[in-house]
Amino acid sequence: MSELEALTMAYPPLIVLAAALLVVVLPRLVGFTLGTLSLVAVMALAVLTPQGEYGGGTFLGFEVQAYVVDDFSVLVALGLGFLGALAVVYAYSSDGSRVMTAFALSYVASALAVIFAGDWLTMVFAWEVMAITSTLLVWHHGGDAVRAGYRYALAHGIGGSLMLLAVVTHYVQTDSFLYGVGADGIATGLPAVLAALGIGVNVAFIGLHTWLPDTYPTPHIAASVFLAATTTKTSALILFRAFPEGHLYLAYMGGLMSIWGAGFALLQHDMRALLSYHIQAQLGYMVAGIGIGSAIGIAGAMGHLFNNVLYKSLLFMAVGVVIYRTGENDLYKLGGLWRVMPLTAIAFALGALSITAVPGFNGFISKGMVLDAANPDYYGGPEYQALYWLLFIGAIGTFLSFIKLGYYVFLHGPSEYEVRDAKTGQNVAMFSIGGACVLLGLPAIGWPVFTDLLPFVDGVTVTHAPGDESGLTPYSAGHLTDAVILIVVSVVGFKLIRKPLSKLDLGDPTTIVNPASFSLGRGTMLAVTETYRAVDAAAVGFVRTCYWVGNNPALAVDRVASKVPGGFGPNQNRRAANGGRPSTLHLRATIGLTVLLITLVLTVVLWLLV
């Protein structure tokens with residue numbers, strides 16, 4: 001067997017899954033080391049495996065393509081592999097248990113299966129496994145994470161069901177589950193609507209996002225790092241697979257998400273809730289780029305996806321260290337921690353400068369590409385003029401949020417906590433990711449290498465169509481001017497709103513989804529159980545009546561005759577066959593009988609209607 005064949009037979013999700021199983025049984029240091037190495041192996045395979053389709057065959061009797069290596073899967077796999085390896089190191093230093101880490105690695109393995117899938121059937125199967133493993137990762141921490149995890153499971157169960165229906169209806173229209181066969185993306189019509197809703201749950205469309213800030217602040221601090229990097233980013237890739245040509249509605253949903261997420265992040269007291277809302281805000285840029293559908297829009301969205309895996313996880317790591325050392329989640333109860341935790345403060349600053357798109361950091365490159373895709377002065381059409389301003393306002397909200405978080409946690413007042421700084425493993429993880437954020441954004445050094453990884457981009461040249469090329473200029477005078485305006489407006493704005501902002505505690509109005517979902521679920525359950533009870537009572541009563549009539553025919557005739565107008569009335573001299581004793585049968589309808597009866601009734605009703 002050649003080396004090339006060996007590479008194509010090494011399926012990355014199975015490597016990580018094997019490591020997850022070994023973590024549970026091996027000594028802690030050995031197991032965590034294997035977990036880290038498994039994700040390093042994923043990165044190596046992503047780079048070395050030639051692009052193409054592998055692992056074709058049948059699944060459940062349908063043709064599938066389980067392993068496809070292309071520009072998109074390679075980019076996301078590199079991001080998850082790099083982050084995942086360092087997240088295991090972080091978990092080891094943060095006292096993460098072996099079982100928790102095994103759940104986390106299984107979660108990453110299922111996400112990799114989604115990324116490398118080349119057909120909708122394999123994808124939706126891995127999608128459901130990803131939902132299950134991430135729920136177990138949340139539940140493992142216990143306490144408040146159990147109830148939050150239950151709501152998380154309900155949300156992703158609904159989203160997964162919608163996605164499954166989308167895939168089934170897609171197959172009905174195209175007669176194939178393979179990507180690109182019979183349809184460019186998901187089939188139009190009902191499949192597209194169902195897919196948008198199903199994926200919309202995972203990428204936190206407004207109104208479908210409440211699970212995100214509800215869940216991510218509750219589990220172990222290391223679990224939050226894995227969660228922040230995996231489900232939403234993997235799902236953004238699937239959104240592109242479903243809608244490769246984009247859609248105007250998707251683009252504007254992304255713009256609104258950027259403002260909604262940043263706005264509610266500004267109102268948060270809980271540090272991880274603030275970061276969770278910013279996952280939604282940053283997803284807004286990815287959704288907008290995908291919705292625009294142009295080469296630079298899609299490339300910018302994928303680049304922002306990759307960068308967000310890095311700096312968002314870095315921010316969760318830094319905040320996690322603060323929680324680990326102080327035991328406090330409320331940012332208003334902290335302050336001055338830079339004096340006792342200077343390394344953590346620097347790591348936080350690297351993540352904050354990246355997510356706010358300050359020049360010299362990776363977020364500046366990818367966010368700028370998405371803004372350029374919407375800006376009519378660059379690549380966008382006039383229909384995206386309003387979208388550009390939505391995204392720019394969202395960028396201001398992002399800057400304000402991280403000034404607030406950094407100010408109240410690290411700068412404001414003297415520190416009331418005499419605590420130690422991050423552990424060695426935590427520092428290794430944070431500064432490795434922070435270094436990547438800087439390197440990938442450096443002018444003329446890192447960013448051309450970074451953009452060369454992106455689809456539709458060759459070095460610094462974006463190819464829109466054959467013969468239609470244009471270069472990327474992230475450090476142009478116009479881009480730098482926009483960055484200065486963003487920084488100045490945000491700094492001055494925070495100075496003006498700091499005091500009134502600290503007194504606000506407004507809830508997200510879409511959190512009514514949680515009690516509404518509970519009421520709907522309870523009502524649905526009661527409707528089902530009461531229907532079953534009524535059918536059960538009717539079936540048992542009917543059988544009892546038949547049994548009694550069979551044993552008491554004369555008495556039954558008399559009773560019927562007495563109720564007929566002008567009838568003969570009861571015959572008092574006629575003796576009942578068994579004395580008229582009631583039935584002694586103890587009957588209860590089974591669920592099978594109930595379902596059968598309901599099916600028969602519905603069949604008759606439908607037959608009469610047709």
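A residue counts as buried here when its relative accessible area is under 20%. The model on screen is predicted, and this tour visits several places in it.

**Whole chain**

Start with everything displayed as a C-alpha trace. Along the principal axes, the C-alpha atoms of the protein chain fill a box of roughly 110 × 60 × 55 Å. Colour by secondary structure: the protein chain has 23 helices and 5 strands. Of its 610 residues, buried ones make up 53%. Among contacts between residues at least 6 apart in sequence, 78% join residues at least 24 apart.

**Asn362**

Select Asn362, which belongs to helix H16, residues 362–374. Asn362 has a relative accessible area of 0%, so it is buried. Now show what surrounds the residue. Leaving out residues up to four places away in sequence, Asn362 touches Asn307, Leu310, Tyr311, Ser354, Cys437, Leu440 and Gly441.

**Helix H3**

Go next to helix H3, residues 28–48. H3 has 21 residues, and from its first C-alpha to its last it reaches 30 Å, close to the 30 Å expected at 1.5 Å a residue. Highlight the buried residues of H3: Gly31, Phe32, Gly35, Thr36, Ser38, Leu39, Val42, Leu45 and Ala46. While looking down the helix, recall that an α-helix has 3.6 residues a turn, so residues three or four places apart point the same way.

**Ser93**

Move to Ser93, in helix H4, residues 71–93. The relative accessibility of Ser93 is 10%, and therefore it counts as buried. Which residues does Ser93 touch, not counting residues up to four places away in sequence? They are Tyr324, Lys423, Thr424, Gly425 and Gln426. Then pick the C-alpha atoms of Ser93 and Ala222: they are separated by 9.4 Å, although the two residues are 129 residues apart along the chain.

**Helices H7 and H8**

Select helix H7, residues 144–174, together with helix H8, residues 190–202. Their axes come within 8 Å and cross at roughly 155°. Angles over 145 degrees count as roughly antiparallel, and H7 and H8 are therefore roughly antiparallel to each other. Their crossing is left-handed.

Show side chains at the contact. On the H7 side are Ala155, His156, Gly159, Leu162, Met163, Leu165, Ala166, Thr169, His170 and Gln173. They meet Leu190, Pro191, Leu194, Ala195, Leu197, Gly198, Ile199, Val201 and Asn202 in H8. By class, this contact of H7 with H8 has 12 nonpolar, 7 polar and no charged residues.

Most residues other than glycine have a negative phi. The last two selections have positive values.

Stay by the helix pair and select Asp175, in the loop between H7 and H8. Phi of Asp175 is near 65°, a positive value in a residue other than glycine. Is Asp175 buried or exposed? With a relative accessible area of 58%, Asp175 is exposed.

Finish at Phe456, in the loop between helix H19 (447–452) and strand E3 (457–458). Phe456 is not a glycine, yet has a positive phi of about 70°. Its relative accessible area is 36%, so Phe456 is partly exposed.

Conventions:
Residues numbered from 1 in each chain as written. Predicted model: local features only at pLDDT ≥ 70, side-chain atom pairs only at ≥ 80, totals over all residues. Heavy atoms only, no water. Helix = DSSP H or I, 4+ residues; strand = E, 2+ residues; numbered from the N terminus. Buried < 20%, exposed > 50% of the residue type's maximum accessible area, 1.4 Å probe, protein only. Contact = heavy atoms within 4.5 Å. Expected span 1.5 Å × (residues − 1). Axes fitted to C-alpha atoms, helices over the stretch in contact; angles between N-to-C directions. Parallel < 35°, antiparallel > 145°, perpendicular 65-115°, else oblique. Left-handed = near helix turned anticlockwise from the far one by under 90°. Nonpolar A, V, L, I, M, F, W, Y, C, P; charged D, E, K, R; others polar.
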